[in-house]
Number of protein chains: 2
Amino acid sequence: MVGFFIQKTDLNGLARRGELRTAHGTIETPAFMPVGSLGTVKGIGPDDLQRLGYRLILNNAYHLYLRPGHDVVAEQGGLHRFTSWPGAILTDSGGFQVFSLAKLCKVTDEGVTFQSHLDGSLHHITPERAMEIQEALGADIIMAFDECVPLPSLREKVLDAVMRTNRWARRCQAARRRSDQALFGIVQGGRDPELRVQAARDLVSIGFDGYAVGGLSVGEEKSVMHRMLDATVPELPSTRPRYLMGVGMPEDLVEGVARGIDLFDCVVPSRHGRTGWLFTSSGRVLIKNARYRRDEGPIDPACRCSVCTSYSRAYLHHLFLVKEMLGLRLNTLHNLFYYASLTQEIRRAIEEGTFASFRQEFHAKRASVAGMTIDDPFDGEGENVTVARGERASGKLLPRGE
Amino acid sequence: MVGFFIQKTDLNGLARRGELRTAHGTIETPAFMPVGSLGTVKGIGPDDLQRLGYRLILNNAYHLYLRPGHDVVAEQGGLHRFTSWPGAILTDSGGFQVFSLAKLCKVTDEGVTFQSHLDGSLHHITPERAMEIQEALGADIIMAFDECVPLPSLREKVLDAVMRTNRWARRCQAARRRSDQALFGIVQGGRDPELRVQAARDLVSIGFDGYAVGGLSVGEEKSVMHRMLDATVPELPSTRPRYLMGVGMPEDLVEGVARGIDLFDCVVPSRHGRTGWLFTSSGRVLIKNARYRRDEGPIDPACRCSVCTSYSRAYLHHLFLVKEMLGLRLNTLHNLFYYASLTQEIRRAIEEGTFASFRQEFHAKRASVAGMTIDDPFDGEGENVTVARGERASGKLLPRGE
């Protein structure tokens, strides 16, 4: 089983410092989970992740159900053994992927029928089946099967999805067979605070080992996400871990923690890394930029990661331009270090009772670097939001797994 | 400068155990050099290479001249600093790449005019320019600029190329300015033993720090390569290192060492790794094969590499099928470990005076595994030769760098 222990709560707010204890190690929270959709964070080994300080990663049930198949993983002794990852694992139930990746997705109360995004083959996933798959995969934390609707949607449609998500959550809770896995419920409700509250209260009445806030960071304004957290978190039991799904950019982590979130996952550090978008304490570095061609300095002079202590921007620029695999790997290693460091700083600030000032300084620093930053003024989420909006316009969710 | 010291010579043949001392460390010979054409072995960092025991790698002057430019590398303090590789480096002069990769290649006595394979831009490389480029790149060992002809070619054409290669070698020797780099001459001569002898004698009369045998492993039969080595090596001074360029498969290393070769380079461990061809003590494993889908065993039960001690064939099979970068990296790490181990075994056998029996057992083991091997009977070079022949038929050399 998974235990959650809160060590300290910020006096001025909802931020808290905790420990998630699992059969595969203890995770200091707030924590960020790197995403390894197909059983690997792209280009990064379990040894790398451990060296970076990660103790909990996310794998995607949808992807692993399709390839290599949850039965194959189960036969190999489960995900930990199959992927040689000694730390803890959380599996996303596949709900989000079914709605964002799969073709011809048909939802009934029974479950979802969809076509694989790979070969068009037909699949049927019910809440019971989602539990079966995740129990076969064998993660430490598994997620209830939820219905995700794109934003904005009509209130009626969002309400329907919330009701169905919660009915499914009840069925997930009833269907689970393994007692050694924690099951988290997922609060849906779009951008409607009332729906969020209603969804949260109902889920809590069922009772889960932890609670996730889902369906956000799909193209809405940051302020909407913040309002949804402000509405939802107070409804969740303070003794259980809270997980903001698929989020996000560095500032989203800080703001999520301030609103009482303990866990995050996002493809941003790895996916942005592969596009040459590198996070630094003073803004982003877009390594493909010609100005780095002869730049002997590290990505971030203030960073102590294995990449910044060994390689120059000029070399990383070269690797990126010639499309060398090592470049993708090094960029990802740096970004994952940045995220690990950021959550470490957040945890320390909460421990020391200085989270409020940490948060203020974090934002002030970013606001101040316009003009003095290494690259463009920091406008972190700009590109992301644009892409997400484009996807939203087509009535599809932005694929989140990778 | 680079010094070469022979510690032991096999009593029954030409195999020898030596040490190549450079400003960037000592290399135990016989040694194999991983190929990092663009300043990186694909997907593998300098830290990985060091852990694998490599102390000397090859970079390609042709590729680095085009991208990022030898001037950029020089400004960054040379290849060692630019790529963060603390070990020794040998740069190929670019001769082979100009003839195998470039478009519209026109050769005169003055030099070669060719179009970049990247953007069609026009370039002119003379022996003097090849020295200038390699001195800017700053490797420990640099190569004379040579003319490579595809095999088979008319004797007249091969003779012309040999004469020109040696005139160019003389100009390279005269043009070099740095005394801290070793310069190796390259023996050409196609598949004609007499031409090889003539080329070698002439080169030796010029005098080089080491001697390479070039223009082999371009599609000819193994026996031809062996005859060329048998003819050439006795003409080379025993006190200088001998380098068989672009070779090869594991059995080629054993046979090359038996014929007095000290150094090898080849893309095979990395390139084959990326295609899922894994070397083992009892034959090859083609990891994409469906039989590995549920195989819990390591690539090679007898192997102690970081991949075999951590990952199953089932996981590597999965990573390969879903095209995950980590799979390419792990496959390459395993193959590079295999090559490092093989050369280590070769060195030990020479030290212990048992190289003749080692060689016999090496081949006997491979011959015996037909039918009992993990995968198909070992027919290592089969595919390679076929591909090379196809390339040869078109009058082009098989591109060797990667």
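Analyst: Happy to! One definition before we start: two strands pair if DSSP finds at least two bridges between them. Keep in mind, too, that this is a predicted model.

User: Okay, how many bridges join β7 to β8 in chain B?

Analyst: Three bridges join strand β7 (residues 103-107) of chain B to strand β8 (residues 112-115) of chain B, and the two run antiparallel. Within this pair, B:Lys106 has B:Thr113 of β8(B) as its bridge partner.

User: And how many residues are in the hairpin from β7(B) to β8(B)?

Analyst: Four residues make the link in the hairpin between β7(B) and β8(B).

User: What actually holds paired strands of a sheet together?

Analyst: In general, strands of a sheet pair through backbone hydrogen bonds, in either a parallel or an antiparallel way.

User: Let's move to sheets. What is the order of the open sheet of three strands in chain B?

Analyst: The order is β1-β2-β3 of chain B, and the pairing is antiparallel. The edges of this sheet are β1 (3-9) and β3 (25-29) of chain B, each of which pairs on one side only. Neighbouring strands in the sheet are turned by 15° against each other on average, ignoring direction.

User: How many bridges are there between β2 and β3 of chain B?

Analyst: Strand β2 (residues 16-22) of chain B pairs with β3(B) over five bridges, in the antiparallel sense. B:Glu19, for instance, has B:Glu28 in β3(B) as its bridge partner.

User: Which helix lies across β1, β2 and β3 of chain B?

Analyst: That would be helix α13 (residues 325-351) of chain B, which runs at about 120° to β2(B).

User: What about the open sheet of eight strands in chain B: parallel or antiparallel?

Analyst: Parallel! Its order is β4-β14-β13-β12-β11-β10-β6-β5 in chain B. The edges are β4 and β5 (56-60) of chain B; each has a single partner strand, so one side of each has no neighbour in the sheet. From one strand to the next, the twist averages 25°.

User: How many bridges join β13(B) to β14 there?

Analyst: Two bridges join β13(B) to strand β14 (residues 263-265) of chain B, and these strands run parallel. You can look for B:Leu244, which stands opposite B:Phe264 in β14(B).

User: New topic: how many residues does each of chain A and chain B put into the contact?

Analyst: Chain A gives 39 residues and chain B gives 39 residues. Together the two chains bury about 3,400 Å² between them, with 51% of that on carbon and sulfur atoms.

User: How many residue pairs are in polar contact between chain A and chain B?

Analyst: The count is 17 residue pairs, with both residues at pLDDT 80 or more. On the chain A side, α1 (46-51), α3 (70-75), α4 (79-83), α12 (313-321) and α13 (325-351) each supply at least two of the residues that touch chain B. The most comes from α12(A), with five residues. Sorted by class, the side of chain A that touches chain B has 16 nonpolar, 10 polar and 13 charged residues.

User: How many salt bridges are there between chain A and chain B?

Analyst: There are eight salt bridges between chain A and chain B. One pair to look at is A:Arg294 with B:Glu75, where the closest N and O atoms are 2.2 Å apart. Over all chains, the structure holds 56 salt bridges.

User: And how far apart are the closest N and O atoms of A:Asp48 and A:Arg51?

Analyst: They are 3.1 Å apart, and the two residues form a salt bridge. A:Asp48 and A:Arg51 are separated by about one helical turn, because they sit three residues apart in helix α1 of chain A.

User: Last topic, the backbone. Which residues does the cis peptide bond with omega of about 0° join?

Analyst: That cis bond joins B:Thr29 and B:Pro30. You'll find B:Pro30 in the loop between β3 and β4 (31-33) of chain B. Another cis peptide bond goes from B:Val247 to B:Gly248, with omega near 5°. B:Gly248 lies in the loop between β13 (242-244) and α10 (250-258) of chain B.

User: What about A:Ser84, is its phi positive or negative?

Analyst: Positive, at about 60°, although A:Ser84 is not a glycine. A:Ser84 is placed in the loop between α4 and β6 (88-92) of chain A. A:Ser217, also not a glycine, has a positive phi near 60°. A:Ser217 sits in the loop between β12 (210-213) and α9 (222-232) of chain A.

Technical notes:
Residues numbered from 1 in each chain as written. Chains lettered and ligands numbered in written order. Predicted model: local features only at pLDDT ≥ 70, side-chain atom pairs only at ≥ 80, totals over all residues. Heavy atoms only, no water. Contact = heavy atoms within 4.5 Å. Buried area = accessible area lost by both parts, 1.4 Å probe. Salt bridge = Lys/Arg side-chain N within 4 Å of Asp/Glu carboxyl O. Polar contact = N/O pair within 3.5 Å; in protein donor to acceptor, adjacent residues only side chain to side chain. Nonpolar A, V, L, I, M, F, W, Y, C, P; charged D, E, K, R; others polar. Axes fitted to C-alpha atoms, helices over the stretch in contact; angles between N-to-C directions.
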